[in-house]
Amino acid sequence: MSDTAQLFKDMGPSKLGMMGVVAVIILGSFIYMSFRLSTPAVVQLFSGLDSGDSSKIAARLEGMGVYYEVLSGGSQIMVPRDKVLSIRMNLAEQGLPSGRANVGYELFDKKEGIGVSNFVNNVNLIRALEGELGRTITAFNQVQSARVHLVIPKQDLFAKKKSEPTASIILSLRGNEGLGSSEIAAISHLVATAVPNLDVNKITIVDTKGRPFKKGASGANDAGMTASTNEEFRIQYENRLKNVIEDLLSRSVGVGKVEAEVSAEVDFDREIIDSEIYDPDGQVARSVQTIEETESSSDGVNGQVTAGNNIPGQTADTGAAASESNLARINEITNYEVSKTIRKQIKETGEVKRLSIAVLVDGTYEYDEETEEYIYSERPAEELDKLAKLVKSAVGYDEIRGDKVEVINMKFSTEIASKITEDPFAWLKHDIGNIIQTIVIGLVLTLVILLVVKPMVRRAFEITKSDTVEEELEAALAGQDLEELAQITGQHEKVSERESLIDLDSIESKMNKTSLAAINDLVERHPEETVTILRNWMEADNKN
């Protein structure tokens, strides 16, 4: 114990303070690691919770005595991995989470009073339908949460113009990737078929980052929205042709040796043409109507009127010849059906009016063994013509439309690639936190080794050595063995063939501090034996 106290005294206040700081750091590290190791591994139980469900679930977990963590402002709850399934089943029995953000048809499970109006029932029906649609859309893997807003106008019996229902959907997605065209179409048709008389073109879909996935038809007359859609169509068309050209030519000239730019002039005017064409040469008789008329008449003798001529059964007096007349008439009416063609032509938007394509192709390089460099050479004109024909065939070239294709052979510049060098210290920006943590841990371990471990080890060796020397000195003093005492103190010279003497001056110069301290301690504890040894040394000197 006295040796340990002497060790702390020899260190001084500065070293002791440093050791205290290091001890506190080590103790804190051990406590932190013990706490982390004792904490069970947690996984997500629920996410996207509102404050009401989060508080109820937390209270239930406390009642069950389960360790849990609340993250993301209370919207996410973490529980131990081995208990997550049992906890979910237990909470499901109690209707948690209740999903208050999307209330479904369970809204009608509550008993309402007799005086509930029809308006309230209609509003609850729309709320329930919105909630059920939101839950269904959340079943998509990439959709974290969904809100659906329905506008279903009231249908008036005597209204001249009926309003159509509309729908707006806002999605919260997992990650930064958007939805594919098939997923957007699936969500749109899902909502359209669930709401009566809802047209799929009346549905708008956006996400929480402001990205429009589908725009409703209500914005068709919006100039800004239409211009944006037309510009997106043109850019996508140009990029598609560019990729087709570069992929096609790179197989012949090599990867990275061709660049293409496409400029498309697109007509976005929507044109509807109605026409009726009559063909007079293609007439067909549909019906024929024929009317025939015959008429005959005769006059009396000389046109005289007598009593004898008017008596029936009497022969008329034919004093002179009578006059007769016959009339025949035929009337024919034919109805013809004239050939007629009715044509309705609709030209949709996005008709390409003109294409301008520029293709830049790198030349060929041959290695020169004498100069040990690559020599550039241009491609022949025949090869460029073939490449131009490939481009024209790939993009649907139309000379009548005024399309233009240019294939130019020029040497690619390498200055930009040479100037762009990788930053050798870029990795520091990503790993600076881990590096600092490693350095701090290394410094703490170094201080512990230098200020704690090393002094204690050295002191332990010194104490062991001192105890050994002390035991040997005690044995030498008890037996008054001068030669052994000389060997212990480091002075062993043969003065004569009979005995060995100890030189005190040499002892003081060669003995280390540990041996001197041990000798002083022995002298204090054994004064009589020390005097006897000194007398023997003096007698030996007198004899010499």
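The expected span of a helix is 1.5 Å times one less than its number of residues. Helices (H or I, at least four residues) and strands (E, at least two) are DSSP runs, numbered from the N terminus. The model is predicted: local features need pLDDT of at least 70, side-chain atom pairs count only at pLDDT 80 or more, and totals for chains, interfaces and linings use all residues. Residues are numbered from 1 along each chain as its sequence is written, and side-chain values use heavy atoms, with hydrogens and water left out.

The protein chain holds 14 helices and 16 strands. Of its 544 residues, 23% are buried (under 20% relative accessible area; exposed is over 50%, partly exposed in between; 1.4 Å probe, protein chains only).

Helix α5 spans residues 181-194. Its 14 residues reach 20 Å from first C-alpha to last, close to the 20 Å expected at 1.5 Å a residue. I184, I187, S188, V191 and A192 are buried in α5. These buried residues fall within an arc of 130 degrees seen down the axis of α5, so they line one face of the helix. The arc is that of the directions from the helix axis to the C-beta atoms. S182 and T193, on the other side of α5, are exposed. The buried residues of α5 pack against α4 (118-138), β4 (143-151), β5 (166-173), β6 (203-207) and β7 (212-214), where contact means heavy atoms within 4.5 Å.

The mean pLDDT (the predictor's confidence in each residue, from 0 to 100) is 75, and 69% of residues reach 70 or more. Where pLDDT is low, the predicted coordinates should not be read in detail.
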